[in-house]
Amino acid sequence: MLYFILGLVILIAGYFTYGRLVEKILAPDDRDVPAVTMHDGVDFVVMPKWKNMLIQLLNIAGIGPVIGVILGIKFGVIAFLIIPVGNIIGGAVHDFVSGMMSIRHNGANLPELIRLYLGKKFYICFSIFMSLVLMLVVAVFINVPANLIVGIAGAKSYFLWVVAAIFLYYIAATLFPVDKIIGRFYPIFGGLLLIGTLAIFVKMMIECCGEPSLLCESKLFAATKFSSGKMPLLPMLFVTIACGILSGFHATQSPIIARTMKSEREAKATFYGMMVLEGIIAMVWAAAALVMYNTNILLMKETPNTVLAKITEHFLGSGFGTITILSVIILAITSGDTAMRSLRLSLAEIFKVGQQKIAPRILLCLPLIAIITGLLIWSNRDAKSFGVLWNYFAWGNQVLGATTLTAATVYLAKEGKCFLITMVPGMFITFVVTTYILWISPAHGGPVGIGLDLQISYVISLILSAAISGYAIWRAKQEA
């Protein structure tokens with residue numbers, strides 16, 4: 001229980017201390033913002049700070065701080081410390097800096113920021129890679145909520161209809177002005193998520209105060225948790241729990257809100273603060289999962305969706321628990337639709353297609369609809385296909401994070417600001433994702449990969465991450 005409480009303290013204290021340091025380095029001021037200078041009534045629209053904060057939370061959260069941590073806590077209570085430390089010095093900094101970079105460059109999307117700071121050749125490769133990852137995000141965040149919905153309703157025969165309905169909503173949310181669907185309904189959805197999470201936290205603390213051992217590693221849990229042999233903490237934990245620690249997907253979402261903020265001075269609360277709040281949500285759900293595993297160790301073998309249902313039923317009962325599951329479903333949907341919106345915005349920027357009229361928006365979305373439909377058909381053939389889809393999304397997501405932090409390092413160094421705040425977490429996440437790609441293989445209990453020895457993977461990844469960081473500093477000096 002001590003690790004859990006300490007982790008929450010780190011998150012809250014980190015926002016007011018390290019978050020303040022990062023804000024001082026980035027120096028938000030009163031200059032005109034894109035929502036004012038480039039107002040178009042579609043993507044550049046001024047919205048209230050509280051609304052932007054809730055929208056940003058739902059955009060970045062996905063299912064990571066719920067489903068991801070239900071899996072991630074199987075590495076043990078060390079996750080209660082890794083989540084907050086990684087969040088404060090890694091994920092929250094990543095979101096804050098990428099958001100500020102977008103604001104300072106007229107609401108630019110991630111590919112354009114990569115072009116500006118890592119060069120045109122890298123930009124071309126990155127744009128293709130990011131588009132593929134976002135299409136995987138859309139497909140994953142259609143399938144997962146669809147499975148949860150049919151599970152609650154007990155109507156698996158209607159799965160394809162639910163998939164179609166979610167996909168149609170994504171298309172509508174992508175095409176409509178940001179304040180018509182996203183700006184109107186997201187704050188309500190965000191409120192549901194926060195209320196459900198708070199209710200679980202209160203009920204869990206009441207139960208654990210009487211039995212603190214529920215938030216510790218029991219003998220049965222310790223014997224069943226992921227071992228360092230088959231599932232090494234490094235890199236597997238940081239790929240399993242992205243949302244909550246550090247997630248590259250967030251940098252594709254920050255420009256959406258960078259285009260709706262009325263002042264740069266809102267950036268710390270909106271970008272850094274919402275990532276910290278996501279970390280708190282992740283901590284609560286991870287703790288709830290640990291309680292359930294200690295209560296019934298057989299749940300360690302069940303799917304995350306099953307454990308999610310057990311958590312809500314145990315702490316909230318069938319009525320309010322169902323509402324909380326619905327909020328988790330909404331969490332997935334509200335990241336899937338903005339992933340597709342980010343795709344439209346990025347393609348519009350790449351091909352210089354105006355988005356004020358509906359016709360160009362539809363034309364940009366047509367090929368996306370066709371490709372994502374193909375991914376959905378393929379991934380729903382069997383569970384194995386979906387597992388492959390999820391895996392590529394998981395490591396592709398962290399490649400986005402490593403690239404964003406490298407570009408941010410160039411940006412800060414070029415501006416003569418302290419670039420260590422992005423270079424250090426950038427080196428770490430580059431090390432993590434490179435190690436994962438080099439090590440993972442069917443022989444190591446995962447999907448297709450290179451399959452090198454873990455120690456050799458560590459050495460190669462360390463050299464590569466140091467080389468990339470050195471390149472970032474060199475490029476910044478050349479640019480300056």
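Which residue forms a salt bridge with Arg-259, and how far apart are the closest N and O atoms? The views below take up this pair and several others. This is a predicted model, in which local features need pLDDT of at least 70, side-chain atom pairs count only at pLDDT 80 or more, and totals for chains, interfaces and linings use all residues. Residues are numbered from 1 along each chain as its sequence is written, and side-chain values use heavy atoms, with hydrogens and water left out.

**View 1. Arg-259 and Glu-349 form a salt bridge.** The partner of Arg-259 is Glu-349, with the closest N and O atoms 3.7 Å apart. A salt bridge here is a side-chain nitrogen of Lys or Arg within 4 Å of a carboxyl oxygen of Asp or Glu. This pair links distant parts of the chain, 90 residues apart: Arg-259 sits in the loop between α13 and α14, Glu-349 in helix α15 (residues 304-350). Helices (H or I, at least four residues) are DSSP runs, numbered from the N terminus. Arg-259 counts as buried at 6% relative accessibility, while Glu-349, at 23%, counts as partly exposed. Buried means under 20% relative accessible area, exposed over 50%, and partly exposed in between (1.4 Å probe, protein chains only).

**View 2. Arg-104 meets Glu-264 in a salt bridge.** Their side chains come to 2.7 Å, N to O. Arg-104 belongs to helix α6 and Glu-264 to the loop between α13 (250-258) and α14 (267-295), so the pair ties together parts that are 160 residues apart in sequence. Glu-264 is buried, its relative accessible area being 0%. The whole structure holds ten salt bridges.

**View 3. Glu-112 and Arg-115 pair up within helix α7 (residues 110-118).** Their salt bridge has its closest N and O atoms 2.6 Å apart. The two residues are three apart, about one turn of the helix. An α-helix has 3.6 residues a turn, so residues three or four places apart point the same way. Glu-112 is buried at 19% relative accessible area, whereas Arg-115 is partly exposed at 33%.

**View 4. Ser-98 is a buried residue of helix α6 (residues 79-104).** Its relative accessibility is 3%. The Ser-98 side chain reaches the backbone oxygen of Asp-95 at 3.1 Å. Leaving aside residues up to four places away in sequence, Ser-98 touches Leu-113, Ala-251, Ser-254 and Thr-404; contact means heavy atoms within 4.5 Å.

**View 5. Helix α12 (residues 233-240) is mostly covered.** Six of its eight residues are buried, among them Met-236, Leu-237 and Phe-238.

Technical notes: Polar contact = N/O pair within 3.5 Å; in protein donor to acceptor, adjacent residues only side chain to side chain.
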